[in-house]
Every structure is written in C-alpha cells, then in structure tokens.
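Thanks for making the time this morning.

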Amino acid sequence: MALLQDILRNVQVLNTQGPLDVQVESITFDSRKVQAGVLFVAVRGVQADGHAYIARATEANAVAIVCEELPAEIQEGLTYVIVKDSAEALGQMASTFYGNPSAKLQLVGVTGTNGKTTSVTLLHKLFRELGYHVGLLSTVQNQIDEEVIPATHTTPDAVTLNELLSKMVQAGCTHCFMEVSSHAMVQQRVAGLTFAGGVFTNITHDHLDYHGSFDEYIKAKKSFFDMLPKGAFALVNADDKRGAVMVQNTKASVHEFSLRKATEFKARIIDNTIQGLHLEIDGNEIWCKLIGDFNAYNLLGAYGVAVLLGEDPTETLTVLSALDSAAGRFDYVVSDTQITGIVDYAHTPDALENVLNTIQQIRTPLQKVITIVGCGGNRDAAKRPVMADIACRLSDKVILTSDNPRFEEPQMILADMQKGVKPLDYKKTLSVLDRKEAIKTACMLAESNDIVLVAGKGHETYQEIQGVKYPFDDKQVLQETFQQLGK
C-alpha cells in the first residue's frame, strides 16, 4: 500500500485532476482485476486500448485512473492522472510501488534472437553453485532459488515483473538473470528497472510480424542497451556484425566476447562431440556438457558476466564445466538401438541452421539426419519457406508438420513451408499434419545410429490449436515412440 503521489515520483505527469493523497493497494492494467483500492493504468496495447476500459474500471471502484487522455465522461471525486506514455508510467509506478527491487539486486538482462534462455539458465545455475541466492526470469520458467514459478511470457508484464523481483529480494536473493525480449522493450515492460548489466547474444530475422521490419526489430533490441545506466556493463557478441550497433549510444561500459576475434573474453573450440564441448577460454581448457558452437557462445557469455560481476575466473570455469543446458535446448535421448533423438526449441531460421550445423559437425558419415520441423501460426510467415529450405539442405530426410498453429489452418502453414522445398528435395520431404504422427514416422524411418531432430517447441508441454493448449511434449512423445516401436 502506498500513496498515489509517492508512486508517481518518477513519472512524467502532464496533468492531474483530483487528490493525489489517496491510498493505492495495488496496480493493474487489466480492468477485470479492478476493485476498490486498485489503481488502473490505461495502456495502449497491440490487441486493445486500455482507454476503452476506463469506464469499466470506474464502475469497479478504481481508486484512480492513469491515462494518456481523459475519457469523455469524468466521474466526480475520482482522481485522474494524465501521462505522456502509460506503458512507461506503468513500469515506473510498479517499480516504485514495490520498493524499487531491481536496485537491490545485481539484475542482468540478456537479449538477442537466440541463446537468451540458455544464457540466463546457465547464469542462474552458475551463481547458485557459487553460493548465491539467485532469481531467474526466462521463457521456460521463473525461479526464486529453487522455487519454480510458471512463465507465461519471455519477459513478464511490468507489475508481475516487479512483484517477482520484490519476492526475490524478500527471499534474500542478491542476483537475478532475466531474458529481455524485443516485445518487452517496445511495450516498456522493463521501464523503471535498474540493470547492473546487459548481454547481447546475436540477432537474426524474427518477430517481423510484430515489429514490421528488421530495422525496427534491431532498434527494439538496441533500446535495451540505450537504457543501461552509467556504472552498468554491456557485454556483446563481437562475432555478430550488429554487436557494435547495440552499444553505439549506451552509457554502460562496453565489453566483448568472441570465438573468432581478439576480444576481452575469448574462446576456442578444441573439440565438439555429442558428449560435449572441449573449449579453451582465456587460456584455460575446460570440458563442458553442452554441445555445439552456439553453446560455446552461451558459455563464454555467462563466463564474461560472472567475471564482470567480480567472480573468480578459475572457479567460474570449474563450475561451468559441470552445468547442463536449459530444458528443450539440444535435449537428447538415445534409444535402445542407439538412435539419437534431439529436441530443440529452434523456431527461427538461424536457430534451426545452428542446430543442424552442429549435428553435421558431430555426426559420423553413416549417420542419417531426419528432421521434423513446423512453424507457428499467427507469427512471421516469411520464415516458413526459409526454414523448410534449411531443413532440406542440412538433413537426409525432412518431415514438415504442425507446430503451434494457433488460429491458422495447419495445412496453410505447411503450404507456406512447402514453397521453400526445391524440386531436387521433393523425394526426401514428407508432410505429416499431425505432430505425433510426424514423430512416429521419423522414428520408423530411423535406423540404428541415426539422428532424429524434433525442432520448434523444445521445452513446451502443449500444442496450441484454435485458442486451446492441448498437452504435448516432444521429448515425451519421442521417448514413448521409441519404446512402442521397439527401437
């Protein structure tokens, strides 16, 4: 509970109407959650404009309304606060309301197209092993030390985010590692937060359905580094040509990591096998359980963060060598007949190519690669033919199937993907609409020592069809199918 005038301390207020010394019990941007004592913030969203729900919030006895423009009908005795940007104001007010918890933690944000989840998961595990109480905010799940809190978004809304950070502080956490999505930056979900540092992994085409263009997507990612304060660090992947762009205007101290260039944090892959990575990092050789070039970057980025936060380099590398990856990230099982099944969240062209290139590096000449891949509905359609082409180019057999069709017709999504299949690849490509049947088909085609990649959904335990999330777990289906087929 706090006074409205105190909550508005860091907000750019244009005008007010009514008393500001009213008590606020909670903050919301969802009019359905309004009751007496609740402050309603009218935020302009992609699907709806919160200003259209001011009347509903008023009827539900909101204590005050924060908006960008006054409604046509003003209720006498109710306080109205006019702000320049409601979404930004929401973040700032939520932070103040919960006691500015991000400033009481070493909060590090990780952004980029691929590698965010693995990076923050590695950092959470690393700092736990180093003896700290640590928070995690990721696509897979949120955590306060060992307590798991289900995640619904890559980056939670501003109110939920600050509430979680507050709980972390109360639990004695000293660090928190979080994914920062491009959507979160555009929607101002991290406004008002104090970051100790930020990490840039890489950037490739994704979410163009939301951002409209690749340039706008880059700007969204860059805006995270623009907001970092002086005294924070900005750690960027120097092997991505846009790494330098990210930090052009940052006030933070800039640091780089690389597998190809002479940078502050440097790694070299000595060996890359299905058992793991043999790396040289800053002159020290380590063996890690994670697989693939992309994980070498994730490990190196995590190492860089730890060193920049003051941890001992040798101890950090020792702990990193024993860590596993995040669920659904190059997650593999081996059948009784030695077929390797790999489940990976790869749902962008770049991520799929990274995973398949890694498989190409570790496969033997006689091993066939069978790839099952689909694309999500109501998302960037431009990547559909590209992903089919990548799968065909780097696989011996490809099965196109459903991912999360959402409100689109699965057959139409597959038709988009099929446009990327070249005539020479027709014979090695199948389309199986039902995802479970697609996995079964791949397992039936696989022989001893072959590799079956199930791409796109990774850690997800559901398939979203027409607004309903049906239970579906790629790894579980893969394991059960191997057993049923006696493989």
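Let me begin with Asp-396, which forms a salt bridge with Arg-363, the closest N and O atoms being 2.8 Å apart. This pair links distant parts of the chain, since Asp-396 sits in the loop between helix H13 and strand S22 while Arg-363 sits in the loop between helix H12 and strand S21, 33 residues apart. Asp-396 itself is partly exposed, with a relative accessible area of 33%. Please keep in mind that this is a predicted model.

The next pair is Asp-450 and Lys-368, whose side chains meet in a salt bridge at 2.8 Å, N to O. Here too distant parts of the chain are linked, with Asp-450 in the loop between helix H15 and strand S24 and Lys-368 in the loop between H12 and S21, 82 residues apart. Is Asp-450 buried or exposed? With a relative accessible area of 2%, Asp-450 is buried, whereas Lys-368, at 29%, counts as partly exposed.

A further salt bridge joins the side chains of Asp-49 and Arg-44, at 2.6 Å from N to O, and these two residues belong to a network of salt bridges that also takes in Glu-68 and Glu-69. Across the whole structure, the search finds 24 salt bridges.

Note on methods
Residues are numbered from 1 along each chain as its sequence is written. This is a predicted model: local features need pLDDT of at least 70, side-chain atom pairs count only at pLDDT 80 or more; totals for chains, interfaces and linings use all residues. Side-chain values use heavy atoms; hydrogens and water are left out. A salt bridge is a side-chain nitrogen of Lys or Arg within 4 Å of a carboxyl oxygen of Asp or Glu. Helices (H or I, at least four residues) and strands (E, at least two) are DSSP runs, numbered from the N terminus. Buried means under 20% relative accessible area, exposed over 50%, partly exposed in between (1.4 Å probe, protein chains only).
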